[in-house]
Amino acid sequence: MAALFKTQGMTKKFGQFTAVNKVDIVMEADRVNGVIGPNGSGKTTLFNLLTGFFPPTYGSIDFMGQNITNTSPQHRVSLGISRTFQLVSVFSTLSVWENMVLSTAKVHHQDQKVPWFYFKYAGDSQIRQQCMESLEKVGLSDKVNEKTAELSYGDKRLLEIGIALSMNPKALLLDEPFAGLSDIEIEFVLQLLHELKQHLPIVIIEHKISKIIELVEHLYVMKEGSMIMEGDPRKVIDDPVVLECYWGKGDVRC
Ligand SMILES: Nc1ncnc2c1ncn2[C@@H]1O[C@H](COP(=O)(O)OP(=O)(O)OP(=O)(O)O)[C@@H](O)[C@H]1O
């Protein structure tokens, strides 16, 4: 079976600064992959490259055996690459249901030029079903009519995951999904991820490994743009190189 993501020499430069440096990974689909690393080590840029938000300066990216190096984010979504963002990215002025429909219809009808026209597809039974199923999965089905601005931060995160799930993902990429959440909210999201991982490859960025040590099955460590280590999470976090990478910036095991 082809790897979920395979990158060769993947590099991203911003001017003279190298944010991601010659990253070669073969990320397998049959496990939860975690990505850790200190602030500014290139984790989000790695996600932006995998999801097409930036083209790489050099190198190649394959998704499930298909070269996607120069394809758009929209094309990658249609291939099944869904993501969430470090800062919650939902439309505050819309209701929960409107957020769901807008995103789901956009995946089905990429030809529309005017975003609001997507609402004409709100009645499509397939779109309605996908939206409802996703909202049920993330526990928001009783909040469909609520204004997104009035949701708790945890519910906004869940909505973002719900939107990602409604797009028929073949891979779910989560950028710090616990940021800003209370311990109770983190537990809820973690439980959801444990359920989702049964049938969906997950890639998760997180600073603090303790939150995801029971979830992830393979761990990557980035430092200053480079992938410095990968492997079994419990072995990786005890590796002297990884411990040193975190010295002065908080223990990786916190
Ligand atoms: N669009 C951009 N333009 C210029 N520099 C950027 C851009 N995006 C990221 N960088 C820089 O690339 C480096 C890596 O950033 P990135 O956000 O990928 O790190 P990170 O590991 O996700 O950090 P954090 O854990 O703080 O979110 C940082 O020095 C950042 O300032």
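User: Happy to start with the open sheet of four strands: what is its strand order?

Analyst: This is a predicted model, in which local features need pLDDT of at least 70 and side-chain atom pairs count only at pLDDT 80 or more, while totals for chains, interfaces and linings use all residues. Strands here are DSSP runs (E, at least two residues) and helices are runs of H or I of at least four, both numbered from the N terminus; two strands pair if DSSP finds at least two bridges between them. The pairing in this sheet is antiparallel, and the order is S2-S1-S4-S5.

User: Which strands stand at its edges?

Analyst: Each edge strand has a single partner strand, so one side of it is left without a neighbour in the sheet. The two are S2 (17-27) and S5 (66-67).

User: Over how many bridges do S1 and S4 pair?

Analyst: Residues are numbered from 1 along each chain as its sequence is written. Phenylalanine 5 stands opposite phenylalanine 63 in S4. Strand S1 (residues 5-14) and strand S4 (residues 58-63) run in the antiparallel sense, and their bridges number five.

User: Good! Which helix gives the most to the shell around the ligand?

Analyst: The shell counts residues whose C-beta atom, placed from the backbone, lies within 6 Å of the molecule. Among them are Phe14, Ala19, Lys43, Thr44, Thr45 and Gln86. The helix in question covers residues 43-50 and supplies three residues: H1.

User: Is H5 mostly covered or exposed?

Analyst: A residue is buried if 20 or more other C-beta atoms, placed from the backbone, lie within 10 Å of its own, exposed if 12 or fewer, and partly exposed in between. The buried residues of H5 include Asp155, Arg157, Leu158 and Ile161. Eleven of its 13 residues are buried, which makes H5 mostly covered.

User: How far apart are the end C-alpha atoms of helix H5?

Analyst: The expected span of a helix is 1.5 Å times one less than its number of residues. For the 13 residues of H5 (residues 153-165) that should give 18 Å, and the model agrees, with the ends 19 Å apart.

User: And isoleucine 186: which residues is it in contact with, leaving aside neighbours within four places in sequence?

Analyst: Isoleucine 186 has its place in helix H6 (residues 183-196). It counts as partly exposed because it has 16 C-beta neighbours inside 10 Å. Contact asks for C-beta atoms, placed from the backbone, within 7 Å, and the partners of isoleucine 186 are Phe178, Leu181 and Lys211.

Methods. Contact = placed C-beta atoms within 7 Å.
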